[in-house]
Protein chains: 2
Amino acid sequence: MAAIDNLRERLAQIHDLGRADSLLAWDERTMMPSGGAPARAETLATLARVRHQMFTDDEVGALIESARSDVDADAPPGESIDADLIRVVGRDWQKARLVPADLRAEMAHASSVAENAWVEAKERSDFAMLLPHLELNVELTRRFADCYDGFPGFSRTYDALLDEYEPEMTTEQMRAVLTDLREGLVPLVADATDNGSEPASDPFRGEFPIASQRDLIRQVISELPFPEGSWRLDSTQHPFALSISTTDVRLTTRYDEDNLAMALFSAMHEAGHGLYEAGVDPELERSPLGNVRSLGLHESQSRLWENWVARSRSWLERHLPLLRERFPASFDEIDVSGLERAANRVERSLIRIEADEVTYNLHILIRFELELEIFEENLPLADLPEEWNARYRDYLGIEVPDDAHGVLQDVHWAGGAFGYFPTYSLGNVIAGQLWDAAGRDLGDLPGQIADGDLDSLGGWLRERVHRHGRRLSPTQVLERAGAGELTVEPLLAHLRERVALAVQA
Amino acid sequence: MAAIDNLRERLAQIHDLGRADSLLAWDERTMMPSGGAPARAETLATLARVRHQMFTDDEVGALIESARSDVDADAPPGESIDADLIRVVGRDWQKARLVPADLRAEMAHASSVAENAWVEAKERSDFAMLLPHLELNVELTRRFADCYDGFPGFSRTYDALLDEYEPEMTTEQMRAVLTDLREGLVPLVADATDNGSEPASDPFRGEFPIASQRDLIRQVISELPFPEGSWRLDSTQHPFALSISTTDVRLTTRYDEDNLAMALFSAMHEAGHGLYEAGVDPELERSPLGNVRSLGLHESQSRLWENWVARSRSWLERHLPLLRERFPASFDEIDVSGLERAANRVERSLIRIEADEVTYNLHILIRFELELEIFEENLPLADLPEEWNARYRDYLGIEVPDDAHGVLQDVHWAGGAFGYFPTYSLGNVIAGQLWDAAGRDLGDLPGQIADGDLDSLGGWLRERVHRHGRRLSPTQVLERAGAGELTVEPLLAHLRERVALAVQA
């Protein structure tokens, strides 16, 4: 067997164990009885260990070396699947060899335990319950980053963390984008929230029986360009999406009986992630090239469907009859302009996942800055609630009443995911650029959406973004999609329109 | 590290992969979108391959050998966990080494594909759709049995198949038990069904909205001695139970809007299996000793809760108010005696899982005989429907109208499980013996059940049966539980009482 074929088969088997891992993670958050937690932590740790051992095996390194002569190693990205595989997996292998299997297993185990502790800590709004788990996570993450000392392109602790979620993007590049964004955002948020205008009435607040919400959302998701029988939707505390394969996509949303916007826009968000996973070239199935790795690019897809599509006037206009049919008391009296304003309210708020588009990135900035302080300035974790609350006061002008509405609101740190948050803002930036590029190619995008044609946009995204998997970097994807270099301008222009809508109200 | 500790840790990791496998299997049958099927088959095949490679490694054999000197190898079963581990795993390892990893993977893949084909074949009642998959399964199973040529205790093809489900029981021993049973059953079935008495009215047939059935069954299951937060119940085409750990038990049942007995007694059956898995000694968690292997013993637990408990007068009397509350139209007019007769009807029927206790074992005999013909007399698989239908005519006196109600009714052969069916009858035999032994120890068992005390029986079974896991053989379990040697008499005595009830009606 040629080295490249042998390599592909080994990677496919490792990929299969990754699918098992995905299912275990999905089940843990959606289906598992609480008594399953200890065994789940052990199982995830073992799977992490076995996958790591299989991948970091000397023979895999030897196969990568041998396979270089089977492929055109100089082919530019996107031209040859095999050449792309060698390039991407070669770097993965170099990186993976630097981290001991025991440490990987310890991290997987600790974060599984901590995620369960987080559920209870959040319910009781008791940061102290999470603190020891968080301390262990941070200590393990430091040891993880230390493994990469001297790795090409890494010049500081946070570089190694960010690279897990946004490969080949440095802390400095990320900081530059977020700084541009902050400079554009601060005056915008002031315009939007300090103008004395009355907040629009909010039809998304009221009484929405969960069974009816579920029916509505199933219908909305089924209009999206997913193949039939390729997805399911469940409820969870913290919405997420993942795929077991391109035709087995698991979406979740969170239902709140008083707030329809929560479940509806979360579901559209997660569906955007799911469409990305479903749109990867079937030739990349069972290959590490099919595992989407840039979370920025991934988040661009969720935000695009959540914000650019589902909060657009044309999508809302098309769905107003459906909303009225399900929830007449809330929607019978409102017109399209009112609905558009309601879906695009701007207000200083406490919870990231409930935040409007305009203030959202301030929530991210706070987390990014705290992560840098934790890992590069040794911020004591016990001070985290106080530091968190101080920043919400400074940046958003609001008091955090308790930790459940503050530092405990997100699962990420409990899950050991440091370096993850900034990719959310990067996703918004990329979504703005892709939306503009798609509009230039497709013509009357709002008109298509108003007509219920979501396949045109879906097809464009699949072709220009999804199908590449890991073969292209985010900047290569942007460039080839006709969106140019990374820039915050399209996002800021979009947010200015949102603010104009809010102020006009 | 001592060899025994090293061995335990390796086996624990393999056990973790087994847990992942269990979850994949549960999800495939309860949750997975249809598009997930191809990837699921690949994933299950890879997991089977990796587990097999890890277990059959030379080092595991060397550790077993070294560990023999760490333990008292002559300790009788049940005295030393480590000695039991060496004994049981030593035999497993010898067996596993004889089967190539490729064959295991091929079997896992083929049965996953065939199970999906079976769902459609059954829906369309089209045996031809399943036939090629079945032929592949049989061919692979033959190759599997051939691997054990000359293995101690195996003298014929079917011995190797049976040993997968009923370790260390031979085809001849099984045939002896089933022959005893048949001799007792034939006159009984004739008495029960040819006596000219009117069939009892059946309150379990009617209109039962599935949501109400689900609520009722959740309540019934929650009365059983499961720890809180250790189980869940879902719906599926073919009910089953499995556990991911002793505190993560997955039960399923099948809802039929016209037939409450289907979901209710299936759920009690699967809960019996689940209680067994939940009752294994926590010290055996993550050990192969905790994987219950004798399906006969396993089935004894499901049948005991389904038939000896849930169809008893005392259990039915206690639950009649609940049935009336949920389904007044069906149960308001019936008294306890009528309910008892309805739950214990005897009739010649087509579907094994709907069959009454008395005729049930005839369904099993048919499958056992066909399996012996397939593997030891080369019965062509294309003739299976005809052979099946002929036996239903001979033994049960009924015509099979189509394959969905005949040879396609069970998933087992599609799943590659040959040698599995006879363990169902063995389970009935063992259940009869254990019920009698428990009654002798616990005193007024019917009175306890009538008072809603299920913990006494549950505790007795946990202590005498469940906690041992694989440490004791079924015959050792029976003997130590005070149930004596394997004998069909207690089962036949129990069935005679059922028949008396039917004839009296």
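Which side chain meets that of Arg40(B) in a salt bridge? I looked this up and found Asp248(A), with 3.7 Å from N to O, a salt bridge being a side-chain nitrogen of Lys or Arg within 4 Å of a carboxyl oxygen of Asp or Glu.

I note that this is a predicted model, in which local features need pLDDT of at least 70 and side-chain atom pairs count only at pLDDT 80 or more, while totals for chains, interfaces and linings use all residues. Residues are numbered from 1 along each chain as its sequence is written, chains are lettered from A in the order in which they are written, and side-chain values use heavy atoms, without hydrogens and water.

I then counted eight salt bridges between chain A and chain B. I looked up which elements of chain A each give at least two residues to the side touching chain B, and these are α1 (3–30), α2 (37–56), β1 (231–235), β2 (241–245) and β3 (248–253), as DSSP runs numbered from the N terminus (helices H or I, at least four residues; strands E, at least two). The largest share, ten residues, comes from α1(A).

For the extent of the interface, I find 35 residues of chain A in contact with 35 residues of chain B, contact meaning heavy atoms within 4.5 Å.

Last, I checked how the chains are related: a rotation of 180° with 0.0 Å of shift along its axis superposes chain A on chain B, with RMSD 0.0 Å, by least squares on C-alpha atoms of residues with pLDDT of at least 70 in both. That is the relation of a two-fold axis.
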